[in-house]
Amino acid sequence: MSSDSTPLRIAMIGHGFMGAAHSQGWRTAPRFFDLPLQPTMQLLVGRDEDAAREAAERWGWAQVATDWRTVLDRDDIDVVDIVTPGDSHAEIASAALEAGKHVLCEKPLATTVEQAEAMADAAARARSRGVVAMVGFTYRRVPAATLARDLVAAGRVGEIRQVRASYRQDWLADAESPMTWRLDKARAGSGALGDIGAHAIDLAQFISGQRISAVSGVLQTIVQQRPLLAETRGLSGTAGAERGTVSVDDLALFTARFESGVLGSFEASRFATGRKNALRIEVSGSAGAIAFDLEELNVLQFFDARAPIAEQGFTRILVTEPEHPYVGAWWPAGHTLGYEHGFSHQAKDFVEAVSAGAQPTPSFADGLQVQRVLDAVERSAHAASSWVAVADTVAAASTVQETHQEEMQP
């Protein structure tokens, strides 16, 4: 339990899958980590009062409301946790920061670069007043992924030479799966690229310690029409004959150039039949390599090229020792953790940053950078896969394209 009874009072805007995950994090973190403040699940906000009340009772929120704007003037709210669809992030986060509330916002930060820039600006202004903001790239806090970052930072793989990243799921492989908000560009911003590709981008940059500077990509919408849910059409029942248009990508493939010149390959797919949640990152270097796969989230593969040749091979590290990141607060060695533990680690790190007056990571500026990568991939795909800089100007993109073409010439 927390050593300090001073509460950190939280309002969560939205519920559903991410609402359940964030609630688990807030509820569990103070029971396993010695936190400087006590997270208090004060208020859950949802548009439908009955649904919000049911979620609040299930997950342990004290109160419910139906309008997120009422949170802004409440003195009993310190933190606004945003788990709504991406099209509402910018308005809610900016208003909350202006009102002096700390903000945790789910990824991707927004649906457009312009929105993300406005959010990053709002966070920078709030930071000068002691108010902090963080974007929820939770997979950074899977102990094996954090350990991968630590090994790379310590030089255990030597000079990085190549990065491979993919996030593959199959929940849309059935062409008759109905339309959801995630398939609507106006609400989601992009499809597989922004939904799961954003995680691959952030985790690759986090583990490698390098930012992506240019991309060349292609996008594809594999199933362009899907059945509408009956409730969408004002009827009872499930999906019907009426169909809606999918306005986002199902599959994204792109090559990336990192700041150092290192090349990376990326894939984001919601049509990878048989892959349920396969986020995989591999970093190859002059002295070794690491490989992480979320479908085996307690394991990190490590190759030490400095070992005697007769002993070389990828070593399977079971990341359950007390010496491993975050793990000491949980179970005895060999007792594995799950998906939900990352949200407890996120809550822990956020609470500690708020208490210390420190900037938590990833910041909104980090989220903006990922948004710029997503935007650059889309611009590249619309320009016949040309190389596009992760920047705001056409001139910068042209320079990168010309440079790449010169490099490829014999």
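Strand E13 is mostly covered, with seven of its eight residues buried. Here buried means under 20% relative accessible area, exposed means over 50%, and partly exposed lies in between (1.4 Å probe, protein chains only). Helices (H or I, at least four residues) and strands (E, at least two) are DSSP runs, numbered from the N terminus. Please keep in mind that this is a predicted model, in which local features need pLDDT of at least 70 and side-chain atom pairs count only at pLDDT 80 or more, while totals for chains, interfaces and linings use all residues. Residues are numbered from 1 along each chain as its sequence is written, and side-chain values use heavy atoms, with hydrogens and water left out.

What does E13 pair with? Eight bridges join E7 to E13, and the two run antiparallel; two strands count as paired if DSSP finds at least two bridges between them. Within this pairing, Ala165 stands opposite Ile281 of E13. E13 is also joined to strand E14 (residues 288–293) by five bridges, again in an antiparallel arrangement. Arg280 has Asp293 in E14 as its bridge partner, and E13 and E14 form a hairpin with two residues between them.

## Strands E1 and E2

Turning to E2, seven of its eight residues are buried, so this strand is largely enclosed by the rest of the structure. Seven bridges join strand E1 (residues 7–13) to E2, and these two run parallel. Leu8 stands opposite Pro39 of E2. As a general point, side chains in a regular strand alternate between the two faces of the sheet.

## Salt bridges

A salt bridge is a side-chain nitrogen of Lys or Arg within 4 Å of a carboxyl oxygen of Asp or Glu. By this rule the structure has 23 salt bridges. Side chains of opposite charge can pair when their charged atoms come close. One example is Arg53 with Glu49, whose closest N and O atoms are 2.9 Å apart. Because they sit four residues apart in helix H2 (residues 49–59), Arg53 and Glu49 are separated by about one helical turn. Arg53 is partly exposed at 38% relative accessible area, and Glu49 is partly exposed at 42%.

Glu91 forms a salt bridge with Arg69, with closest N and O atoms 3.3 Å apart. Glu91 lies in helix H3 (residues 89–98) and Arg69 in the loop between strand E3 (63–65) and strand E4 (79–82), 22 residues apart. Glu91 has 47% relative accessibility and is partly exposed; Arg69, at 44%, is partly exposed as well. Lys276 pairs with Asp170 in a salt bridge whose closest N and O atoms are 2.9 Å apart. This pair spans 106 residues, from Asp170 in the loop between strand E7 (160–168) and helix H6 (185–188) to Lys276 in the loop between strand E12 (263–269) and strand E13 (278–285). Lys276 is exposed at 58% relative accessibility, whereas Asp170 is buried at 15%. Salt bridges with shared partners also join Lys107, Arg182, Asp195 and Arg270 into one network.

## A negative patch

Which residues form a negative surface patch? Asp48, Asp50, Glu54 and Glu57 do. Patches are made of residues with over 30% relative accessible area and no salt bridge, with like charges joined within 9 Å and nonpolar side chains (Val, Leu, Ile, Met, Phe, Trp, Tyr) within 5 Å. Asp48 is placed in the loop between strand E2 (38–45) and H2, and at 45% relative accessibility Asp48 is partly exposed.

## Backbone features

Most residues other than glycine have a negative phi, and most peptide bonds are trans. Two cis peptide bonds are worth a look here. Lys107 and Pro108 are joined by a cis peptide bond with omega about -20 degrees, and Pro108 lies in the loop between strand E5 (102–106) and helix H4 (113–127). The bond from Thr361 to Pro362 is also cis, with omega near 0 degrees; Pro362 is in the loop between helix H8 (341–356) and helix H9 (364–382).

Ala384, although not a glycine, has a positive phi of about 60 degrees. Ala384 lies in the loop between H9 and strand E17 (388–389) and is exposed, at 70% relative accessible area. Ser385 is not a glycine either, and has a positive phi of about 65 degrees. Ser385 is found in the loop between H9 and E17 and is partly exposed, at 29% relative accessibility.

Definitions and conventions
Accessible areas come from the Shrake-Rupley method with a 1.4 Å probe; for residues, only the protein chains shown count as cover. Lys and Arg count as positive and Asp and Glu as negative; His and the chain ends are not counted. The place of a charge is taken as NZ of Lys, CZ of Arg, CG of Asp or CD of Glu.
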